[in-house]
Amino acid sequence: HNLELPDLELLITEVIDTVRAREREVQDKDGRWFSLRVRPYLTLDNKVDGAVLMLVDINDLKRSELAITSAREYAENIIGTMREPLVVLDPDLRVESVNRAFYRTFGVTPADTIGKFIYELGNRQWDIPEFRTLLEEILPQSQAIEDFEVERDFEHLGRRSMLLNARRMYSHTGIHGRIVLAIEDITVRKQTEEKLRDSEQRFTRFMEHLPGLAWIKDADGRYVYANDAAEKAFRTPRRALYGKSDHEIFPQETAARFAANDRQALDESSM
């Protein structure tokens, strides 16, 4: 034979001595997979008189199995390294698996999570109307949902804004399968955006109440802001100024004079 099975004789001896059949998956030297079945050979008077070996070609099945296992491990490794919490739900909305980030973020254990109804997790912190609408009404009509925002009090976390992205997987039969749910905590980002908006509003109010003309240009000399006085002086709507340079708005002589003023201002500021 050409099987990669150095202990074949020991295997046969064991079957004969114990009168018990054995089965093992083996490969030949070409890499093909077989199921090797070794059974005791009994005579008509029920005495052991050797062993019978049977090989069943399972190469295609084994290759498919290995490919599936490899794909599963690949997916699990990717999920495990994601920094955002991720949940996989079965078709009945029970938790099938979560990544480490989920445990770390929400302060739960596998015993608290795996196999549980999603709405039961964390003192029912996910049992909220918006989330139910996502899973039970919106997602069945669409294969994926992106940037669905939920804001509420979460156990161990306090008030948080969460951005949800969900995708429903379909089985080969076309029926509804697992749901993959990614959760991103955007609380800090929202707070930063609110502070930025407040700052911009204060800045705008300050610029608008200046007695003279005021405007701002970017590094390329294009307008990004002009106050009401500048809008009136230029006789151009401020929105028409934004993103344009003096040469695109004013006559050549006027644009050249403005450019000279800008250079002078830059020189003075660098002193």
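**Ground rules.** This is a predicted model, so I note that local features need pLDDT of at least 70 and side-chain atom pairs count only at pLDDT 80 or more, while totals for chains, interfaces and linings use all residues. Residues are numbered from 1 along each chain as its sequence is written, and side-chain values use heavy atoms, with hydrogens and water left out.

**Overall chain.** I counted 11 helices and 10 strands in the protein chain; these are DSSP runs numbered from the N terminus, helices being H or I of at least four residues and strands E of at least two. The C-alpha trace spans about 115 × 45 × 40 Å along its principal axes. I then looked up the radius of gyration: the chain has 35 Å, whereas a compact globule of 271 residues would be near 18 Å. That value is taken over C-alpha atoms, and the globule rule is 2.2 Å times the number of residues to the power 0.38.

**Surface and contacts.** The accessible surface is about 18000 Å², and 50% of that belongs to carbon and sulfur atoms (Shrake-Rupley method, 1.4 Å probe; for residues, only the protein chains shown count as cover). Buried residues make up 29% of the 271, where buried means under 20% relative accessible area with a 1.4 Å probe, protein chains only. Of the contacts (heavy atoms within 4.5 Å) with a separation of 6 or more, 32% are between residues 24 or more positions apart.

**Rings.** Rings of Phe, Tyr and Trp (its six-membered ring) pair if their centres lie within 6.5 Å; planes under 30 degrees apart are stacked, over 60 edge-to-face, and the rest tilted. I get 15 aromatic pairs by this rule. For W126 and F131 the centres are 5.1 Å apart and the planes at 45°, so I logged the pair as tilted. W126 is buried at 1% relative accessibility, and F131 is buried at 0%.

**Charges over rings.** I looked for NZ of Lys or CZ of Arg within 6 Å of a ring centre and within 35 degrees of the ring normal. The charged end of R132 sits over Y119, 3.8 Å from the ring centre. K62 has its charged end over the ring of W33, at 4.9 Å from the centre.

**Loop residue.** Where is N227 found? I found N227 in the loop between β10 (223–226) and α8 (228–234). N227 is buried, with a relative accessible area of 0%. Leaving aside neighbours within four places in sequence, N227 contacts M207, E208, L210, G212, L213, A214 and R238.

Note on methods: Buried means under 20% relative accessible area, exposed over 50%, partly exposed in between (1.4 Å probe, protein chains only).
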